[in-house]
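Please consult the sequence and structure shown below while reading.

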Amino acid sequence: MTLARHMRAQEVDQIWIFGWLEALKFLHPCKQNVSTGLRQFLRNESSFVPKRVLIVGKFSRYFFEKLREPDLSESELKKKLLERGSDYENMVAVHNATLNIQNQVINFLKKKNIEYRVVNRQNLDQSSFTWADLILPIGGDGTFLLASNLIFDDKKPIIGINSYPERSEGFLLLAPKYTTRIPEIFEMLEAGHYRVLMRRRIRTTLHGDDIWDSPFHTHEKGRIVAGGKFYMNSEKPTSNNLPKERRLPWLALNEVFIAETLSARTSDLLIKLDDNEKHHTVKSSGLCVSTGTGSTSWYKSINSVNPQIVREIINVADEKKQFSTEEIQRICSAFNDTLHLHPEELKLCYTVRDMIVSDIWPVPKCLNSRGFCKKLTVRSQCFDGSLVLDGGIAVPFNFGVTVLLEMHPEDSLRSLVLLD
């Protein structure tokens, strides 16, 4: 069935359903809320034909290695990467696949006379994000996160294409079938056959002294190419009277992680949930604060249980009762599924990693190692701490500095989801 015929059939179905809803409302006035909810569920978004598309390309590992070794021939580069233990063939395959999809998108946009620009981690420009009326990352989830960090308007839509689904999960991207069906993506947008998912993001506000140091991208720590930067650094104010409050211009779509930069060092943090008056002193391997979108990512990885742990706990509880492997797997899946939070929930999920518990450092009575809150305040007791947004953008977070993490509806990311 063609897309047009599918849409006509859907309209007929909706006319019948809407008529039924009107009858239901007349017979049962108390069902007004049910009727409204179903109408909203069935409604398609209006037709969307972008005029200016910003393509955010993947900065592939192969491209990075080429930049890092500009004097090597291709055969020399291959030999060096193989000696290092890298999968050269896969790196090239990912790079070429991404370029292929990117070129397909460009050719389609040219055919439709739609303006476009292409950027990647090397040449990010905020003016391009302001210029575009659709942000189109092509790559993996990392590329999607990079693009989302530079969208500050909750009216600016984003939709992502998985350039290499064979090796990329692409949770934030379109289904793998659309990788080879580029025209259909824009047909469905024009037909209004999509919905908007307002993914909540975390607003980060620093308070204290020494809060104006330039941020850096985590790629820069070990991946400097010819002295260049992979991310735009904001300029530090030159005034001698620097403000004691700094709201970071980036919004975290997945999570904010706070810890000592050296992972082997214990992170000392003072943590306060919501409007509680008291801070709780916590020693741990760091604090991960996640959104609903990020609850399926690092947050879930930290908190998920595996069959070995479940079996050992059950054996401690009852040594006589035996569970099959299938039963253990079901218990694991049931628990791990509870860790998921809907992306539109205005809640923060927090996890204290490897909380140190002893007679000297007991578990705080009002602070679980994992939970939910509306806002979270953290005061650093770190010597070389950092605060990292979405595993990319990092700012120093050292002794005495306080950060407020919270969510606001106007900070949401307008993510487009096609209706399959």
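In what order do the seven strands of the open sheet stand, and in which sense do they pair? The model discussed here is predicted.

## The seven-stranded sheet

The strands of this open sheet follow the order β8-β18-β17-β10-β13-β14-β15, and their pairing is antiparallel. At the edges stand β8 (216-217) and β15 (370-373); each has a single partner strand, so one side of each is left without a neighbour in the sheet. Strands of a sheet pair through backbone hydrogen bonds, either parallel or antiparallel.

## Strand β17 and its partners

Strand β17 (residues 385-389) pairs with strand β10 (residues 255-260) in the antiparallel sense, over five bridges. Within this pairing, F257 has V388 of β17 as its bridge partner. With strand β18 (residues 393-396), β17 forms four bridges, again in the antiparallel sense. Here L387 stands opposite V395 of β18. The two strands β17 and β18 make a hairpin with three residues between them, and D390 in the turn takes a positive phi of about 55 degrees.

How many of the five residues of β17 are buried? Five of the five are, so β17 is largely enclosed by the rest of the structure. G385, L387 and L389 point one way from the strand, whereas S386 and V388 point the other way, and all are buried.

## The six-stranded sheet

A further open sheet has six strands in the order β9-β7-β19-β16-β11-β12, with antiparallel pairing. Its edges are formed by β9 (245-247) and β12 (280-284); each has a single partner strand, so one side of each is left without a neighbour in the sheet. On average, neighbouring strands of this sheet are turned by 25 degrees against each other, direction ignored.

Inside the sheet, strand β16 (residues 375-380) and strand β19 (residues 402-407) run antiparallel and are joined by five bridges. L376 has L405 of β19 as its bridge partner.

## Nonpolar cores

Which residues have the most contacts inside the largest nonpolar core? They are I258, I271, L287, L376 and L387, in a core of 52 residues. Helix α7 (residues 141-148) gives the most to this core, contributing four residues. Apart from it lies another core, of 26 residues, which includes V105, F108, L134 and L189. In soluble globular proteins, nonpolar side chains tend to be buried together.

The surroundings of I271 can be described individually. Beyond its neighbours within four places in sequence, I271 is in contact with K278, H279, H280, V282, L287, V352, L367, L376, T377 and V378.

Is E69 buried or exposed? With a relative accessibility of 18%, E69 counts as buried, because the cut-off for a buried residue is under 20%. L72, with a relative accessible area of 26%, is partly exposed.

The side chains of E69 and K80 are joined by a polar contact of 2.8 Å. Neighbours within four places in sequence aside, E69 is in contact with L77, K80 and R84, while L72 is in contact with L77 and K80.

Helix α5 (residues 88-111) comprises 24 residues and reaches 35 Å from its first C-alpha to its last, close to the 34 Å expected at 1.5 Å a residue. Just after α5, N113 takes a positive phi of about 55 degrees.

## The loop between α11 and α12

S324 is placed in the loop between α11 (307-317) and α12 (325-337). At 30% relative accessibility, S324 counts as partly exposed. S324 and R311 are 13 residues apart in sequence, and their C-alpha atoms lie 9.6 Å apart in space.

Note on methods
Residues numbered from 1 in each chain as written. Predicted model: local features only at pLDDT ≥ 70, side-chain atom pairs only at ≥ 80, totals over all residues. Heavy atoms only, no water. Core = buried A, V, L, I, M, F, W, Y, C linked by side-chain atoms within 4.5 Å. Buried < 20%, exposed > 50% of the residue type's maximum accessible area, 1.4 Å probe, protein only. Contact = heavy atoms within 4.5 Å. Pairing = 2+ DSSP bridges. Expected span 1.5 Å × (residues − 1). Polar contact = N/O pair within 3.5 Å; in protein donor to acceptor, adjacent residues only side chain to side chain. Axes fitted to C-alpha atoms, helices over the stretch in contact; angles between N-to-C directions.
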